Amino acid sequence: MALKIFETAGLRVALCRNVASEKIAYIIYYCNALDSVIESISVKYGVSIAVISGVDWDNDMTPWPAKRVTAGSDDFKGLAKEFFVTLTTGIIPQIESTFGLTNAERTLFGISLSGLFSLWQWNMSDLFHNIVSISGSFWYDGFLEWFDKQDYSKHNGTAIFLLGDKECKSNIKEFSTVETATNAIVRHLESQNIDTSLTMVPGNHYQFQIERLTLGFKLIYE
């Protein structure tokens with residue numbers, strides 16, 4: 001099993017094919033730190049993996065424009081719809097053609113803002129059977145109010161959420177609401193009979209990302 005890396009639509013894609021499985025996990029990540037672990041994860045959990053990095057993080061992962069929340073940053077442009085089109089009509093077909101997958105069961109892993117994106121896109125399409133949101137940025141302006149009005153009951157897959165137990169202690173007001181928002185999201189999905197779980201893990205927003213990712217694979221594939 002070998003790692004294959006290529007570029008498409010200005011993004012870096014790292015692929016690891018598990019030929020014994022039609023399951024594929026897509027991970028939208030903000031750096032290339034996963035290259036060292038995805039081969040072992042692929043073998044352990046019997047799944048092919050595609051890691052997509054190089055996205056315009058604050059813009060491609062956000063569903064609508066919103067004001068910045070940290071000093072020195074720019075406002076969010078909210079280009080998720082455009083990125084979703086690129087992902088579904090260009091990137092995914094190319095990956096699955098490269099893998100030789102014809103009937104894939106897809107899971108989308110997202111971390112931080114891509115964790116927000118993973119849940120948001122589930123309302124757009126049933127392309128991804130499962131989602132795993134790690135420290136999803138559900139503090140995003142207007143997201144919880146929007147989510148409360150959505151019907152996710154058409155999905156028969158699983159939604160997994162992981163959140164650091166110190167994330168709600170952020171000194172940034174918006175970030176400190178994330179645990180309350182995540183709990184509300186889980187309750188809403190459960191009320192629509194979605195197979196849903198929330199696991200609290202040690203640390204703040206930036207800690208133990210590889211460990212959390214590995215736990216996400218364990219929870220969805222074991």
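1. Ser-112 is buried, since its relative accessible area is 12% and buried means under 20%. Keep in mind that this is a predicted model. Ser-112 sits in the loop that links β5 (105-111) to α4 (113-122). Have a look at its backbone too: phi of Ser-112 is near 65°, a positive value in a residue other than glycine.

2. Why flag a positive phi at all? Most residues other than glycine have a negative phi. Ser-135 is another one to check, with a positive phi of about 55° although it is not a glycine. You'll find Ser-135 in the loop between β6 (130-134) and α5. Is Ser-135 buried or exposed? Its relative accessible area is 1%, so Ser-135 counts as buried.

3. On the surface there's a patch of negative charge, made up of Asp-141, Glu-145, Asp-148 and Glu-174. Asp-148 belongs to the loop between α5 (143-147) and β7 (158-164). With 43% relative accessibility, Asp-148 is classed as partly exposed.

4. Cys-168, at 28% relative accessibility, counts as partly exposed.

Notes: Residues are numbered from 1 along each chain as its sequence is written. This is a predicted model: local features need pLDDT of at least 70, side-chain atom pairs count only at pLDDT 80 or more; totals for chains, interfaces and linings use all residues. Side-chain values use heavy atoms; hydrogens and water are left out. Patches are made of residues with over 30% relative accessible area and no salt bridge: like charges are joined within 9 Å, nonpolar side chains (Val, Leu, Ile, Met, Phe, Trp, Tyr) within 5 Å. Accessible areas come from the Shrake-Rupley method with a 1.4 Å probe; for residues, only the protein chains shown count as cover. A salt bridge is a side-chain nitrogen of Lys or Arg within 4 Å of a carboxyl oxygen of Asp or Glu. Lys and Arg count as positive and Asp and Glu as negative; His and the chain ends are not counted. The place of a charge is taken as NZ of Lys, CZ of Arg, CG of Asp or CD of Glu. Helices (H or I, at least four residues) and strands (E, at least two) are DSSP runs, numbered from the N terminus. Buried means under 20% relative accessible area, exposed over 50%, partly exposed in between (1.4 Å probe, protein chains only).
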